[in-house]
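Hi there,

Here is the structure I promised to hand over. Have a look at it first, and then read on for what turned up.

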Amino acid sequence: MNIILLGPPGAGKGTQARHLVETRNMIQLSTGDMLREARTSGTDMGRIVADVMDRGELVTDEIVIGLIRERLEGDKAGGFIFDGFPRTLPQADALADLLSSMGEALDAVIEMQVDDAALVARITGRFTCGDCGEVYHDVTHRPAVDGVCDKCGGTNMKRRADDNEDSLRQRLMEYYKKTSPLIGYYYAKGQLRTVDGLAEIGDVQKAIAAVLD
């Protein structure tokens, strides 16, 4: 099963993707992670990525599609979660063409809907474990022992420098401008499903499971 998780920054896409990886043996394809891995891989595509990034240029859609193709040609496990791609309509078309050419299908596009004001409150209190990526919050989800991750026992807690209200509102504006047209695109294709991204984590997990099952 291949899916896309859509939603603005802080909607919880990463948390839900990790749950699907753990419970359904799916493979999370995060473009940021793929680019970082490719840069140090020593492969032909990796050398192209390294050259572009070292020049301070933006990686093209063609390069990202090439990286996705490489991953799709490998172990498929329980299917793929596309995280951070596509972000634009041309990227959505390119992904559709790639999947079709490889005999793959996109089974669902899950939009994690949020209220902006509630999202700002959620994100400005967010911090993560730098070792395993577990997400915490100053108010709603603190670790049992301050400074110690419940999941892995790590003490490397981090906050994103841009997890502040001004920066977040700018990121939201950028999302709505560039990525929200994808909602209409996938709705027209009959692939869009929506869940409440601000519900409790377990409730979101159940809502996503209902879509996939």
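Two strands are taken to pair if DSSP finds at least two bridges between them. With that in mind, E1 and E3 pair in the parallel sense, over 2 bridges. Please keep in mind that this is a predicted model.

**The five-stranded sheet**

E1 and E3 belong to an open sheet of 5 strands, ordered E2-E3-E1-E4-E8 and paired in parallel. At its edges are strand E2 (27-30) and strand E8 (192-196), each of which pairs on one side only. From one strand to the next, the twist averages 25°.

You can follow E3 through both of its neighbours. On one side, E2 and strand E3 (residues 80-83) pair in the parallel sense over 4 bridges, and Ile27 has Phe80 of E3 as its bridge partner.

What covers the picture for E3: are Phe80, Phe82, Ile81 and Asp83 buried or exposed? All of them are buried, with Phe80 and Phe82 on one side and Ile81 and Asp83 on the other, so both faces of E3 are covered; buried here means under 20% relative accessible area. In a regular strand, side chains alternate between the two faces of the sheet.

A helix also lies on this sheet: helix H8 (residues 181-188) lies across strand E1 (3-6), strand E4 (108-113) and E8. H8 runs at about 145° to E1.

**The three-stranded sheet**

There is another open sheet, of 3 strands in the order E6-E5-E7, and its pairing is antiparallel. Strand E6 (135-137) and strand E7 (157-158) are the edge strands, each pairing on one side only. Strand E5 (residues 126-129) pairs with E6 in the antiparallel sense over 3 bridges. If you want a place to look, Thr128 stands opposite Val135 in E6.

**Two helix pairs**

Two packed helices are described by the angle between their axes and the distance between the axes.

Let me start with helix H3 (residues 44-54) and helix H4 (residues 61-72), which pack at an angle of about 150° with their axes 11 Å apart. Angles over 145 degrees count as roughly antiparallel, so that is the term for H3 and H4. H3 passes H4 in a left-handed crossing. H3 brings Met45, Ile48, Val49 and Val52 to the contact, and H4 brings Ile63, Gly66, Leu67 and Glu70. By class, the residues in this contact of H3 with H4 are 6 nonpolar, 1 polar and 1 charged.

The other pair is helix H6 (residues 116-124) with helix H7 (residues 165-178), packed at an angle of about 130° with axes 10 Å apart. That angle makes H6 oblique to H7. The crossing of H6 and H7 is right-handed. On the H6 side the contact is made by Asp116, Leu119, Val120, Ile123 and Thr124, and on the H7 side by Glu165, Leu168, Arg169, Leu172 and Tyr176. The residues of the contact of H6 with H7 divide into 6 nonpolar, 1 polar and 3 charged.

Best wishes

Technical notes:
Residues are numbered from 1 along each chain as its sequence is written. This is a predicted model: local features need pLDDT of at least 70, side-chain atom pairs count only at pLDDT 80 or more; totals for chains, interfaces and linings use all residues. Side-chain values use heavy atoms; hydrogens and water are left out. Axes are lines fitted to C-alpha atoms, for helices over the stretch in contact, and angles run from 0 to 180 degrees between N-to-C directions. Contact means heavy atoms within 4.5 Å. Buried means under 20% relative accessible area, exposed over 50%, partly exposed in between (1.4 Å probe, protein chains only). Angles under 35 degrees count as roughly parallel, over 145 as roughly antiparallel, 65 to 115 as roughly perpendicular and the rest as oblique. A crossing is left-handed if the near helix is turned anticlockwise from the far one by less than a right angle, and right-handed if clockwise. Ala, Val, Leu, Ile, Met, Phe, Trp, Tyr, Cys and Pro count as nonpolar, Asp, Glu, Lys and Arg as charged, and the others, Gly among them, as polar.
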